[in-house]
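Have the viewer open as you read.

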Amino acid sequence: MTDITSQTQAALAAIATATSLEALEAQRLDALGKKGWVSLALKTLGGMSPEERAVAAPAIQTARAEIAAALDARKAALETAELEARLARETLDLTLPAHAAPKGSVHPVSQVMDELAEIFADLGFAVATGPEIEDDWHNFTALNMDETHPARAMHDTFYFPDKTAEGREVLLRTHTSPVQIRAMQEHGAPLRIIAPGRVYRSDSDATHTPMFHQIEGLVIDKDIHLGHLKWTLETFLKAFFEREDIVLRLRPSYFPFTEPSVEIDVGYAMEGGRRIVGGSGDEPGHAWMEVLGSGMVNRRVIAAAGLDPDEWQGFAFGTGVDRLAQLKYGMNDLRAFFDGDPRWLAHYGFSPFDQPTLSAGVGART
Amino acid sequence: MKFALTWLKDHLETTATVGEICDALNAIGLEVEGVEDPATRLAGFRIAHVLTAARHPDADKLQVLTVDTGDGEPLQVVCGAPNARAGMKGVLGLPGAVVPANGMVLRKSAIRGVESNGMMCSVRELELGEDHDGIIELPDDAPVGARFADYHGASPVIEVAVTPNRPDCMGVYGIARDLAAKGLGTLKPIAIPAFAERGDCPVEIRTDDPEGCPAFYGRVITGVTNGTSPDWLQARLKSAGQRPISLLVDLTNYLMLGFGRPAHIYDLAKLSGAVVARRARAGEQVLALNEKTYTLDDSMVVIADDAQVHDVAGIMGGEDSGVSETTTDVLLEIAYFDPVRIGATGRKLGLASDARIRFERGVDPDFLDDGLDLLTGLIVELAGGTPTETVRAGSPPSNAKVIAFDPGLTLRLGGLDVAESEQKRILESLGFSVGDGWQVSCPLRRHDIEGAADLVEEVVRIYGLDKVASVALPRVEGVARPTATPQQKQERGLRRATAASGLNEAVTWSFLPEWAAEHFAADDQALWLLANPISEDLKAMRPSLLPGLLMAAKRNADRGASGSRLFEIGRRYFRGQAGLSDERPTLGIVLAGEKTQRGWQTGKAKTFDAYDAKALALELLEAAGAPVGNLMVMGEAGAQFHPGQSGTLRLGPKTVLARFGMVHPATLKVFDVDGPIAAVELFLDAIPARKNAAFARPGFTPPALQAVTRDFAFLVPEALAAGDLVRGVQGADKAAITAVRVFDVFAGQGVPEGYKSLALEVTLQPGEASFKDSDLKTIAEKIVAAAAKQGGELRG
C-alpha cells in the first residue's frame, strides 16, 4: 500500500515539473503505459484473494485517476504556454499602413439629379429626356420664340452649319424646355415630367460656363393654376434642402413660353460667407435670390405640341442643377465642376451608397 | 432702366418711400436691380466756412486755410484752388471720406510740411459736373456743418430690369403708370408746354415704305439756340446714365428715357429736298453718329433726302445731319417703324442703340402727335424758335385689340380670387378699357397682350402674386408609383457601381478641340462642328468619352497627381436621320498613372494593365444588365488602342457592347500625356433590353452532392487564345462541367519553343448520383479530346 502511495506521489511530482510535452509523455508511459507500474499493478489484482482485492483495487484505481488527471492538466498548461509563446513571436506592428482600396465618388451634378428625380417621383413626375443637338423649331419656335423674337437673340446660341431635312436650323439646345414639347408630343396629356440635362450657351466667365445643367418641370392637366405651381416648388425646395422654413417670393416676369410668367425668389441668410437657404428674405440679415423661372404654359406652346389649349393647361418651371448643387453643398467654383480633378471630386463627390431615398432624406450630410 | 426718384416723382404723385417703391416695383414685375443713393457717395463731405486763407510758406500755388465745420475748433486745410478765399463757403471732405471721382480715401496728412485735415472739393471731384477750375462755391446761406448730401438734395437712383415684353416701361412715365395702378400714388398727366404753330412745314416728308415705316411725322422749328441743358434736365439724364451733350440732343434723350419715345432732330441746313423714309439701296452707305460707316441692303429702312442717307431708321442717326452748337433751324422726326424689321436690321448691322431696343420691342403707336408736341414745346421753351405745323406721312397702327375676357379665368389660371370690380379697376388703371360683357380693349402700347392669359397676368401682378396661396397637386392614392425608365435605372445603377469600383465620376465638356474629336472619330464619321464655337478648344461634339477624360488625366498629371481613375456617363454625338443627331449613352473610363502606390508589402508602384480594363468592362456590363456569360472577346477596339493589348466585348460578331485595353502610344503622344493608360468604353445603347424581367427568380436549390474539381494542363500553340481552349473544354460535357478556369499560363523551361502550357481547373457538378471513377474517366477523356480539337495536348 505504502508502495503505491509513494509511487503515486513521486509520479505526480514528476508530472508537475515536466517542462515539455515529451517529458510528460514519458511520465504517462511510465505510469499508465501498457508496461507502466499502474498497469502492472492492476494486472496483479487477478491473483489476489477477494479480501486482498477489496483493499488493493480502490487504491490502484485512485492512483490511476489522480495520475491521469494530473497528466491532462499539465498537458493543457504546457499547450497554453506554447501557444502564448508562438503568438508572442507572431506579433505585428499594426501601426504599419494597411492596404486601402481606392474610394470612388459620384459627381455632385449626378447626385443632385438623382435627388431631384427621387423627390419628383413622389409627386408623380417621370423623368423625360431629349436630344442636346436640337432644331430651332423645338428649341425656339414651338416655345413661342419665332425667328424675329428678340428673346431668341438673347439666348447666346451655339449653332451648327447644318440644316435638318425639314430645313430647320441645327443648334445646341439653350435650355431643357424643348423636352416639354417632345414630351407633350410623345405622351399627350395629362402629363407630369421633369427633364434634367446638359444645356449650352455661348457664354463664359467666372459664373457662366458654355455647358451647364438645367432641370425643367412640366405639369399639364385640367384646373392647374399658379397656386399648384407655388405649392409644387415650395414642396420641392423643402424636400431638397430638408428644411421647413423655405419661403418663396413670386415676382411677375417674362418668358415667351409661359403666361403669366413668374420668377421665384427664395429667402436666404449669409452664414460663414455662404448662402444658407431658409427664412423670409425680408427678415433681418436675410435677402432674396432668384432660383427658378416658371409660369403657366403659354397656350401657343400647348398648341404647338399638338394639344388643345382650351382643354389643357398647366405650369412649367426651370432652374440650374449646378446652382442647386452649389447652394446645397457649398462649392462655389462652377468651372471646377467640369475639370475632372480627383481632389475636387473626392471632396465634393458622393459615396456610391448615398443613393437618395425619401425615407433617409434625399441629401447626404457630411 | 435707371432713373432718379425725383424723375419718377415728376410723373407720380406719391408719398411712398424709396423702399416702398422698390418693393412695389419687384411685386409688379419691374425687378429692382439696384438702388444707388448718391448720399452714401457723399458721406463724409460737409459744408464748411473758410475763415482765413494765407499763402503756403513753401508753395506758391497752395494756400493754408482755416475752415469752420460747425463744431469744434476750426480745421487747418491746405488747398490749391485759385478761388479759395476767406469768407467763402464750400464743401470739405473730412479724413475717412472717399472722393467719388477717384476712390481716394482722404487722410490727415502733411502737404509740403503743413498739416492738412481734409480737402476742399471741386464739382468734378464729387462727380457733380465737369468743372474743375476751382472748389465748389456755395451760397452764403448754406448751413455750415450740414451734411453736403442733405444740402445738395441728391436723389436716389433706381435701376430696374424691364423684361422684353414691356417696352411701354422703357420710359419713366410708363413705370409711373404701373406704380399708380399698384396703388403707390397718382399718375400725373403729361404736361406739354404750350407753343404756337406758325405756317406749314417747309420740308416735304414722305414714307415710300409703308410696311417698314407706316408713319413719319415731322415739324420744323426755326431760330433755335442750341446750348447746354438746364440743371434739372442734366440731372435726370445723368441719373439714367446718359451723358448730357447739347440741349437739343438732350431733349430727344429726355423724350426717349422719360416717355419711351425715340425721336430724331436734323439740322435743317444740312438737308436738301424731301426727307423720305424708304428702303436702302443695296450697298448704300451711311456714316452713323457713332462715327462708324455702315453698308446697307434693301431690307433696311432709312431716312434719306435727295442727296444721301441720313439715318438708319429707328436705330441710329447720321453724323452728317446731326445738330451742332451752331444749328438754328431743325427738322423733328417722330416715326413708327415695323418692330421686326428694326430687329432684323440691327442684328444684321450688329448695331445696338437705345432707340433700336425700343423700336424693336414696340413703341406706343398712340404717342406720335403728343410726343412730337412735347418735344416741340420743350424746345421752344428752352431753346426758343418758331415751330411750324405738323406734317404727317402715313399713319401708325390704330386698331386696338379687343379680348373677350372671362374674369373667372383669373382664378382658374392664376389661382387668385379677385373681385370683378377690382379686376376692372386694375385693367382700367393700366389703360385698358373694359366694355360690356367684359370685352377688353387694349392700349396700343401693349404689344405684349395677345389673349386672356395676358389679362390674367396683368390682374395678378397688380393685385399681388404674393396673395397666391399654395394648393397641393392632386396625388394618386397610396404610395407614389415608380416612374424611372429601364434606361434611367440602368444609368443610375451603373454610375454607383462604377463609383463603388473606386472610380471618380467626372463631367467633361460635350465639345472638344477638333483634333481631339477627329482622333477618336470613326473613318466615315462626319463630326458635328459648331459654326460659332466659343473657342477652338470647344468646337467638335465628342464622338467618344475618352478624349475628354484623357485631357482631364493630363491636367491632373500636370498638377502632380499620381494617378486618375475617372469615369463619365454621357452622350456621344453621331449623325442620325433627316439631319438630326443620334446621341448614344456611353460610359467612359480612363485609368492613368499608379494603380497601387509603392508599399512596404507590395513593393514598387504598379500601373494599370489591360486586364484591369477587362475586369472593369465585364463587371460594369454585368451591372448594366448585359448578358456577360454570352460575350465574346474579340479585337478591333479601334486605332486609339494598343493593337495587341485591347479588345472588344461582343454579343454576336457585330454587336459591340464595350471596348477596353491600353491606350495606343501614338494616342498618348497626340494628347501629350504619359502612359501607360488603360481605358474602357461601354456602349449602353447596344446593351439589349431585358425581356420579361420579373421579380420571381427561376427555381433553384443548391445541389445536394458536392462538386469536384480536376486539374488539366495542356500544351498549346503559343498563338492559341486561352478563351478558345476554355470554350472548347466547357463544351466537352455541358451537363457535368459547370466552370473552367485558367489558373496557370507558362512558357519556358520544359515547354517546347512556340508552345505554352495552360493549366485549367475544371469544376464538375454531379446530378442525382455521385460520379463513379468510370464517369470521371469518361469526362476526362472528353475534355482531352475537346482540347485536342483546339490543338491542345495533355501534359504528362
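Predicted model: local features only at pLDDT ≥ 70, side-chain atom pairs only at ≥ 80, totals over all residues.

Residues are numbered from 1 along each chain as its sequence is written, and chains are lettered from A and ligands numbered from 1 in the order in which they are written.

Let's begin inside. A nonpolar core here is a set of buried Ala, Val, Leu, Ile, Met, Phe, Trp, Tyr and Cys residues joined through C-beta atoms within 7 Å. Buried means 20 or more other C-beta atoms within 10 Å of the residue's own, exposed means 12 or fewer, and partly exposed lies in between, with C-beta atoms placed from the backbone. The largest such core has 250 residues, and those touching the most other members include Val590(B), Ile677(B) and Leu682(B). Its largest share, 9 residues, comes from helix 7 (residues 247-259) of chain B; helices (H or I, at least four residues) and strands (E, at least two) are DSSP runs numbered from the N terminus. A second, separate core of 28 residues includes Phe45(B) and Val77(B).

Between the chains, the contact (C-beta atoms, placed from the backbone, within 7 Å) takes 72 residues from chain A and 77 residues from chain B. On the chain A side, helix 9 (residues 226-241) gives the largest share, 7 residues.

Within chain A, the axes of helix 5 (residues 108-122) and helix 11 (residues 321-329) come within 9 Å and cross at roughly 95°. Axes are lines fitted to C-alpha atoms, for helices over the stretch in contact, with angles from 0 to 180 degrees between N-to-C directions. Among the residues that meet are Val109(A) and Met113(A) from helix 5, and Leu324(A) and Tyr329(A) from helix 11.

Now for the backbone. Most residues other than glycine have a negative phi, and most peptide bonds are trans. These entries are worth a look:

| Site | Feature | Value |
|---|---|---|
| Ala189(A) and Pro190(A) | cis peptide bond | omega about -5° |
| Gly675(B) and Pro676(B) | cis peptide bond | omega about -5° |
| Asp223(A) | positive phi, not a glycine | about 60° |
| Ala578(B) | positive phi, not a glycine | about 55° |

Asp223(A) is exposed, with 11 other C-beta atoms within 10 Å. Ala578(B) is exposed too, with 9, and sits in the loop between strand 31 (563-575) and strand 32 (581-596) of chain B.

Definitions and conventions. Contact = placed C-beta atoms within 7 Å.
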